[in-house]
Amino acid sequence: MAAEVKRLFLALWPDAAARQGLAALARAVALPAGARRVHPEDLHLTLQFLGAVPLERLPAVREAAAGVEAEPVGLELTRVGCWPRPRVAWCAPDETPAELSGLVARLGARLAAVGYPAESRPFRPHVTLARKVRRLADARLVQPLFWRCADLALVESLARPAPPRYQVLEHWPLAEKAGKQKENELD
């Protein structure tokens, strides 16, 4: 009998205000025919894709994620564009903030320590706005969207036809971890 698995990833999960801004941006982007907008409840920024994780490995993933120490990340999304493969429209910052790169590196190191290899592709922070997009001109946003990324989330991809297709299994506030680290340094 095959072990039960969950298809998982770790992400920055927007609070209500950021989600509202991301959803408004997704609605404002003129998409070609056939494109499918991402459901507002599914908007996020992936940090590490884990894939099919056996349930018995879930505690190690949770422990690795819970131990990441980082401050919230200020992210200014300034442009939209499209990657023909995998056919997604996205919004992204001009540059990756150092705090975000540090968070990704620390998360990758903790996951590697419990047997999950680091992502081989370079990290390109983005929020997927729509799928099945063959073309969309890269453009600067007239009004950049600022998102204070304060939650690291463990998310499951659900195999169901109707959105939302993702479910947050657990989340950890970033500031709380950094605050604990500073308290420990003072002791």
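Student: What is the relative accessibility of Glu 170, and what does that residue count as?

Tutor: Happy to! Glu 170 has 28% relative accessibility, so it counts as partly exposed (buried is under 20% relative accessible area, exposed over 50%, partly exposed in between, with a 1.4 Å probe and protein chains only). This is a predicted model, where local features need pLDDT of at least 70, side-chain atom pairs count only at pLDDT 80 or more, and totals for chains, interfaces and linings use all residues. Residues are numbered from 1 along each chain as its sequence is written, and side-chain values use heavy atoms, leaving out hydrogens and water.

The partner of Glu 170 is Arg 62: their side chains meet in a salt bridge at 2.6 Å, N to O (a Lys or Arg side-chain nitrogen within 4 Å of an Asp or Glu carboxyl oxygen). This pair links distant parts of the chain, with Glu 170 in strand S9 and Arg 62 in helix H2, 108 residues apart (DSSP runs numbered from the N terminus: helices are H or I, at least four residues; strands are E, at least two). Arg 62 is itself partly exposed, at 27%.

The whole structure holds four salt bridges. In one of them, Lys 6 pairs with Glu 156, the closest N and O atoms being 3.3 Å apart. Lys 6 lies in strand S1 and Glu 156 in strand S8, so this pair ties together parts 150 residues apart in sequence. Glu 156 counts as buried, at 12% relative accessibility.

Asp 94 bridges to Arg 79, with closest N and O atoms 3.6 Å apart. Asp 94 sits in the loop between strand S5 and helix H3, while Arg 79 is in strand S4. Shared partners join Arg 79, Asp 94 and Arg 140 into one network.
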